[in-house]
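Let's walk through this model together, from the overall fold down to the metal site. Have the sequence and the coordinates open as you read.

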Amino acid sequence: MIPSGIDLSGMLKPIRDDILHIDIPIQHELKNISLYLFKGEYPALIDAGPYHPLLHDLLTAALRYAGIGELAFIYLTHSHMDHCGLAARLSAAFGARVAAHRYERPRIEGAGERMQEEYGCYSSMSRTMGFPVDVAQLVFDLASAWKKLSEPCRLDVRLGGGETVKAGGRELEVIHTPGHTAGHVCYYLREEGLLFSGDHLMRSITPNPELYCPPWRGHVTGLPQFLESLRLLAGYDISAAYPGHGRAIRKVQRRIELNLAHHQSRLDKTREAVEKGCRTVWEVALRLFPQVRGKPPDVDHFLALKEALGHLLILEEQGAVKRADEGELWMYVPR
Ligand SMILES: [Zn+2]
Ligand SMILES: [Zn+2]
């Protein structure tokens, strides 16, 4: 049941006559979660939001208010619980087939159990990065609560990128944009230059790169792929991008350039940190993100660690730093 007095019309904001933005405010610095509804012959939703009974009732009511009795498809941008947690319930309620990139299948179908395995892997890998064991324990215990925000969902359609899919009365191109996750995709409405960009491209923040644990096809970090995926989008004619969080982006090419410049500046700071004597990934993370120093352990500590590792691995590849391990501890020195 949803509380009476909620104005469902306020949640539904038209982008076009047949494309609606469903705006879900959240108490988090991301501010909101955005889903996109395509009305027409093949009603479809881009992303499903996190699993929560109240949100399920609210979204169901909002979709019905928008005149939706059945959905043909739910297209997921990626496997994070804030995008796919409710997919199973909405799929059951509206008869939708759920589609996502095939690389995202283990997390979407495994949900909380898969998350728990990954936290175990991160936890054991933390030692090599100099992440204090007590902090790591607290961070991953906290993150375990997120398991409740996702339910396992069968993936009916496995995308690969490059194909065209039906949404409402439109055709969307699937663009594989790995980096934030291995199988992140954006959906592109070429005829109007609209991009539904998930977490790959947002208005005021850049997403955290994936930490592949265990390593995926030889990669530990998604950061180099993330940067390649940004450069890939620079080749598309995009008049507006609609992200999974935050407001729409109008000057899309400018946003892409700013994001690339931001990462270059962070790469420079990472090299400076190593030159000034930071050796472990955690020491570099504290230099790049001094705000986490002295804060009670939370997920930001892990995000800082992932980001520092990504930049160190790029510098290592470029030959600017090298690893000189001490036991199991990864130590970086200038080359
Ligand atoms: Zn995400
Ligand atoms: Zn997200």
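How many helices and strands are there in the protein chain? The protein chain has 9 helices and 16 strands, where helices (H or I, at least four residues) and strands (E, at least two) are DSSP runs numbered from the N terminus. Its radius of gyration, taken over C-alpha atoms, is 20 Å, close to the 20 Å from the globule rule for 335 residues, so the chain is as compact as a globular protein of that length. That rule is 2.2 Å times the number of residues to the power 0.38.

Before going further, a word on conventions. This is a predicted model, in which local features need pLDDT of at least 70 and side-chain atom pairs count only at pLDDT 80 or more, while totals for chains, interfaces and linings use all residues. Residues are numbered from 1 along each chain as its sequence is written, chains are lettered from A and ligands numbered from 1 in the order in which they are written, and side-chain values use heavy atoms, with hydrogens and water left out.

Along the principal axes, the C-alpha atoms fill a box of roughly 60 × 40 × 35 Å. Of the 335 residues, 54% count as buried, meaning under 20% relative accessible area, with exposed over 50% and partly exposed in between (1.4 Å probe, protein chains only).

Now for the metals. The zinc ion (ligand 1) is coordinated by His 78 (NE2), His 80 (ND1), His 180 (NE2) and Asp 199 (OD), at 2.1 to 2.2 Å. Donors here are N, O and S atoms within 2.8 Å of the metal (3.2 Å for Na, K and Ca); water is not among the atoms, so sites may look incomplete. The spacing of these donors along the chain is H-x1-H-x99-H-x18-D. His 78 is buried because its relative accessible area is 0%, whereas His 80, at 21%, counts as partly exposed.

The zinc ion (ligand 2) has Asp 82 (OD), His 83 (NE2), Asp 199 (OD) and His 245 (NE2) as its protein donors, 2.1 to 2.2 Å away. What lies between the two metals? Asp 199 bridges the zinc ion (ligand 1) and the zinc ion (ligand 2), which are 3.6 Å apart. Asp 82 belongs to helix 2 (residues 81–84) and Asp 199 to the loop between strand 11 (194–198) and strand 12 (211–216), so this pair links parts of the chain 117 residues apart.

In helix 3 (residues 87–94), the buried residues are Ala 87, Ala 88, Leu 90, Ser 91 and Phe 94. Their cover includes helix 1 (53–65), helix 2 and strand 6 (97–101). Thr 270 lies in helix 7 (residues 252–275) and counts as buried at 0% relative accessibility.

Terms used:
Contact = heavy atoms within 4.5 Å.
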